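Subject: Structure handover and notes

Hi,

Here is the structure I promised to pass on. Please open it alongside this message, and then read on for what turned up.

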Amino acid sequence: MATTTQTIAAPPQIQVSHDSAYIPRGSVTTKLQFYQAPADGSTPFNYVESPPEGQPQRNFGDTDLRVTIHDIRGQESSFNIDTNAFVTLTTSPSAEESFTDDASIKENYYPEVEALLLKHVPGAKRILLFDHTIRRATGNRNPVTRVHIDQTTKSATARVHHHLPDEAEELLKGRVRIINVWRPLNGPVQATPLAFADSTTVKDEDLIGIEHRYPDRTGETAAVQHGDEKWHYWSGMENNERLLLECYDSEKGGRVPHTAFVDPRSPQGGKERESIEVRALQKLFQSDERLK
């Protein structure tokens, strides 16, 4: 079945010419892509690699809706990961410089991420980093411009069993969280910044499980229908800044829809955004005392 995209008409924006070094700041109104259900009512799915013959890459569509995205620059202390399910941090320069070699990233950058989480996430006792993604305009992984959450309760539980099979049942008796640690590689960010919604404004009924079909297994992510969520971004993120986005919390239920977005104020000739996210598809950690 072909996918469809519904576009909601909006008044034209006044285009302002900026110098190529311009960094967009402040609130902005722009379009985000939200979930549109399959027309036949079938279970929504997405094939991670090439689909079987006769099957579409995915069977659901997108709805483009205009939302206002608020800049949290200067208001960082108003948010925390236990309440809003995101937090901002400023760190020292990384020992990893090029971010072109996976082995070097794991050797140099992973320990920094682990130390960051242990220090700044309340109750963290143990960290398991098991994946990362580099996004570059010249690479094969571009910024994702569809509102989503990387994990659901179903897939988060499966992650625990997949990576820690001998301990999973005991770990799941305590608190398990999955967090995405996001940073730019060529800051300050001028184009396709990351938008994220305050978890307290997101309704469960607006989250839809999407079968994420791999050749050897089926995972699940969450698509998002537009509701009353409040959207934010952190303007002009620098290389020493980190954004922690919680995708799953077994105790408090925190989860943050997020997406790259096209900022109409981005300057012509400016830098295309490059970034890395270390994730569980992220990180999975547990604060229960049994893990000491």
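Below are my notes on the pocket, the cavities, the helix and a few individual residues.

First, the ground rules: this is a predicted model, in which local features need pLDDT of at least 70 and side-chain atom pairs count only at pLDDT 80 or more, while totals for chains, interfaces and linings use all residues. Residues are numbered from 1 along each chain as its sequence is written, and side-chain values use heavy atoms, with hydrogens and water left out.

**Pocket and cavities**

Rolling a probe the size of a water molecule over the atoms shows where empty space is left. On a 1 Å grid over the protein atoms alone, a cavity is a set of points where a 1.4 Å probe fits but cannot get out, and a pocket is an open set with protein on both sides within 12 Å along at least five of seven lines; lining residues have an atom within 4 Å of a point. Points are joined across faces, edges and corners, and a volume is the space filled by probe spheres set on them.

The largest pocket has a volume of about 780 Å³. Its lining holds 29 residues, with Asn46, Arg135, Arg141, Val144 and His212 nearest the centre. Two or more lining residues come from each of β3 (45-47), β6 (126-135), β10 (207-213), β11 (218-224) and β15 (275-286), and β6 gives the largest share, four residues. Helices (H or I, at least four residues) and strands (E, at least two) are DSSP runs, numbered from the N terminus. By type, the pocket lining has eleven nonpolar, nine polar and nine charged residues (Ala, Val, Leu, Ile, Met, Phe, Trp, Tyr, Cys and Pro count as nonpolar, Asp, Glu, Lys and Arg as charged, and the others, Gly among them, as polar).

The whole structure has four cavities of 30 Å³ or more. The largest cavity, with a volume of about 100 Å³, is lined by residues including Arg135, Val144, His148, Trp182, His258 and Glu277. Strand β14 (258-260) and strand β8 (176-184) each give two or more residues to that lining, and the largest share, three residues, is from β14.

**Helix α1**

Among the buried residues of α1 are Ile105, Tyr109, Val113 and Leu117; buried means under 20% relative accessible area (1.4 Å probe, protein chains only). At the N-terminal end, Asp101 caps α1, with a side-chain oxygen 3.3 Å from the backbone nitrogen of Ala103.

**Individual residues**

- Thr30 lies in strand β2 (residues 28-36) and is buried at 9% relative accessible area. A polar atom of its side chain lies 2.9 Å from the backbone oxygen of Val262.
- Gly187 and Pro188 are joined by a cis peptide bond, with omega about 0°. Pro188 sits in the loop between β8 and β9 (194-197).
- Thr192, in the loop between β8 and β9, has a positive phi near 40° and is buried at 17%.
- Ala85 has a positive phi of about 70° although it is not a glycine, and it is buried at 1% relative accessibility.

Happy browsing!

Notes. Buried < 20%, exposed > 50% of the residue type's maximum accessible area, 1.4 Å probe, protein only. Polar contact = N/O pair within 3.5 Å; in protein donor to acceptor, adjacent residues only side chain to side chain.
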